[in-house]
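Dear colleague,

Here is the structure for your files. My notes on it follow below.

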Amino acid sequence: MWKRPVLVLAGAVSSLLAAGFLSSVAGQSTESAARRGPEAEFHFVRLAYSANGRHRMGQSWRTDWPEAEHHFLRGVKRLTRIDAAQEGRYLAVMDADLFDYPWLYAVEVGGWYLDEEEAARLREYLLRGGFLMVDDFHGTHEWEGFLLTLQRVFPNRPIIDIPESDEALHVLYDLEKRVQIPSPFVYLRGGRTFERDGITPHWRGVYDDKGRLMVAINFNMDMGDAWEHADWPEYPEFFTALAYRFGINYIIYAMTH
Amino acid sequence: MFEALFGVSRDLLARGELVLMSDWPAALLLLLLLTSALALGLVLARQRGALAPLQLLVIGALQLGMLGVVLILLWQPGLRTQQLRSGDNVVAVMLDSSASMSFGVADSTRMARAQPLLTEQLTPALSAEHRVQRYLFAEQARPVEDFATLPAPGEQTRIGESLLQVLRQARTTPLAAVILVSDGADNALTGLADRFAEIADFGVPIHAIGMGREEIPEDLELLDVNLPDRALPGTTLAARVAVRHDGGGAARIKVYDGDRILAAQVLPLAAGSNTTTAYVDFPVPEAGHHDLVFTLDRQPGEVNQRNNTRSRALEVPEDRYRLLYLEGEPRWEYKFLRRALEEDPSVELVSVLRVSPNKFYRQGIQDPAELAAGFPADRAELFGYDGLIIGSIEAARFSPEQQAMLRDFVGERGGSLLMLAGLNGLGAGGWGNSALDEVLPARLSADAGDYRRQQVRASLTPLGRASSLLKLSEDAQENERLWRELPAVADYQTIGPLRPAAVSLLDVERGGRRVPLLVTQPYGRGHSYILASGGTWRWQMSMPLEDLSHETFWRQLARGLVANSPDQFRLSAEVRGEQVALVAELRDQDYRAMSDVAVTAVVTSGDSEALTVVLQPTDRPGVLAGEFAPGDAGVLFIEALARRGESTVASARLSLRYDAPTEDFGVRQNRALLTALATETGGAYWTAENLDGLLTAIRHSAAGVTEEDIRPLWSAPVFFLLLLCLKAAEWLARRRWRTI
């Protein structure tokens, strides 16, 4: 009876410790992480953004870092032919090397903030062919926080549910089953798969003028946690596997469309 | 001077035979010369004390020379020649009445100069000794009574045909010579030079009098425009133009499609040359038939502007060419290459990407069965594509039979192959040891470490600057600038030494030296390329969204890969003289020659009646050929059908611009041609300003009715001058040696 809460607590503590450790890493210039230049064809690059005040922490972009990337990239290398780097990297939007990395991942975007200059730069990045996957935000309040900045990036571009027929859902895996992927911290507390009022999962996207997905929006889901805690025996493998499949599909889509 | 000294002309001396006119035997002259030499030797031997041996030898030679000249003169030397018998021979005078003889202004035309020359000067003088037959010629020759009245200028100059016509008509008359008065602007479709031997066979010397200026500095002439008969829409085409000019400077050429200007380019004209050849780049217009007009801007003072313009037909097909891209790993180059070609109206990119070890992701396929196994099922399916790109995928992924098919795709099908760099590309992918090795423009290194994720900047090589594949701008300087400002590519892979026929179009700097980035070579019926990078995607990601350099590069390269891939039914036409030669080459789906088909072509042009040409098999399997006379000038539309029995196997069409010869071109006097004609026939070239000697030359013509003429030479001043010189030389020598 006590086992599950203890595990959850231990996980939370370890995450916080990791975050504390990593804050010193993130304190360095984000440029220094990228200055080495790409060393593999694919780098999982995390977007380091400012907070908009809606979130409890100031550096929420680092959530799940670096275990999520560490686990997920091994899956990418094992399951695909992609020459992927072993570990993730992070960059700010204004980083000079941003355009050398056409893949971006942003987490907890309910609390993200980009000013006009940053929004314009991200817009240019995406229209040139970059790809952004956002993840781990839940409920009406965080959706509104997400929209505040996204609409600065694309003021007039609609956000639509990714249709079943979209290649993003079939490029490697056929992902017909839309299952909400929860954070283990929530799921292991009683089998709940949603957070706040984010009961229904949404796979949404922003498309360019030629119908290509530019921003993949995983709303009311937490794929990052599913990757990060892939080694938790208590967390159902099904969620992890599905999160891997979605992530891989998005990457291959980003590298083919 | 020569004639004053020798009493005869140099030409006559060369033609004639030296004889001794005296009745005394020539042997006696020889005997006397020998005797004189002996006697002189004895006399001089006695003076050995007074002079050194060398001095004695000089004195002896001078005295013997003088004695010899005197003895020869006693035997009366003369020159025996053949000359026309007065009154018995015919001389044909042919006056060029083509339109080019009217070139010039007011009274200064060539005809205005030639007419009085003939009527007042030449024909009266000739008539005194020979019968003169007068001809006017342009397309053909016709006899006239005199040159006082002239017809309308002829539309073409056929010197060869006209001369042969006169020579044939004169077979039964004692034709001694032909005087041809012309500017030499021959524009017969069968060149005059090709008829020299036939004309010379008549044995009648042709004396050509050249009319008009050999150089016209104020005039430009568009000699030729050369471009392929078809091109893909949206591509840049380079037309090779040749401009005739008599001075340096520059000329602007424009390319029109109807009333739309496709390009305007300034051509520098080399001061030391009369012909400048240059390439004019222009964007290929939309699909359809286009009658393009190339025109040079008028120069100050230029009178004849009609020779500044030429037209050419260009067929822009509506078909989309299919380019197959085989890629072994998901990578950014794949994505951005696809995006660059996504909306290309001419090229359809079909790609197979190995996303996981056992799964291929296909894009651009026409049906679910296409490339289902990740590679074309057979030769016919592979050869159905027009071009091929192989990315970062190892050669071992393909069976020996598949590798052979890839090789034959270039060598036999005539498609083009582009290989890209990558972790498993080029040498690192083992392609250097594959069946494809001989196809590639470089010997590949097998070292996997040759692939580096190191950014390098691409630069145009001299050949790259001229290549239409690498035009980011029509303007050469702007193109240079754009290439200089392009960001670096993301990676580079070292390739081995280039093969002998390979050329580098782009290079990069590595280790302080330039090494090739984009190379190509012909192989069999097709071409192969290597792009030693898989990182041109940086051009797209690093440049502003509005910049289209990346798209332009890939669209041009892709079109270059597919544009020249031959169809199964390949029809070509070439103007040869007054005929158009048609060649049809037929291959089956495997691109093996088809020999059991019949080909018929239908030629239409304007309002003319359609012409049907049945092509005949040639020695080459699957190749049929035929000829037809196009008749009127204009655009010829040729549609050919290949039939096996009653069923149609294939069809092909092309258009061709046929220009009838026009007098507006070649307006400068062609002195070289006239001189060659005269020399080949035993005549001479003359200018209108100096006809001295023409009558004498005709008088001693080798043709016609001749009689022997012996002219005394002994009275020529040269002999007496020689005697004087010999004696004076001896006197001076003796004075110097103080013996007198």
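A residue is called buried here if 20 or more other C-beta atoms lie within 10 Å of its own, exposed if 12 or fewer do, and partly exposed in between, with C-beta atoms placed from the backbone. This is a predicted model, in which local features need pLDDT of at least 70 and side-chain atom pairs count only at pLDDT 80 or more, while totals for chains, interfaces and linings use all residues. Residues are numbered from 1 along each chain as its sequence is written, and chains are lettered from A and ligands numbered from 1 in the order in which they are written.

Backbone points

B:L371 is not a glycine, yet its phi is positive, at about 60°. B:L371 counts as buried because it has 23 C-beta neighbours inside 10 Å. It sits in the loop between β17 (359–363) and α9 (379–383) of chain B; helices (H or I, at least four residues) and strands (E, at least two) are DSSP runs, numbered from the N terminus.

A:N220, also a residue other than glycine, has a positive phi near 65°. This residue belongs to the loop between β9 (213–219) and α7 (223–228) of chain A. A:N220 has 24 C-beta neighbours inside 10 Å and therefore counts as buried.

The peptide bond between A:W65 and A:P66 is cis, with omega about -5°. A:P66 is in the loop that runs between β2 (50–51) and α3 (67–79) of chain A.

Chain A overall

Chain A contains eight helices and nine strands. It has 257 residues, of which 47% count as buried. Two residues are in contact if their C-beta atoms, placed from the backbone, lie within 7 Å. Among the contacts in chain A with a separation of 6 or more, 79% come from residues 24 or more positions apart.

The sheet in chain B

In chain B, nine strands make an open sheet with mixed pairing, in the order β17-β16-β15-β18-β19-β25-β24-β23-β21. Its edge strands are β17 and β21 (459–460), each of which pairs on one side only. Two strands pair if DSSP finds at least two bridges between them. Strands β18 (residues 387–390) and β19 (residues 416–420) of chain B run parallel and are joined by four bridges. B:I390 has B:M419 in β19(B) as its bridge partner.

Helix α14 (residues 549–563) of chain B lies across β15 (321–327), β16 (347–356), β18 and β19 of that chain, at about 110° to β15(B). Axes are lines fitted to C-alpha atoms, for helices over the stretch in contact, and angles run from 0 to 180 degrees between N-to-C directions.

Regards
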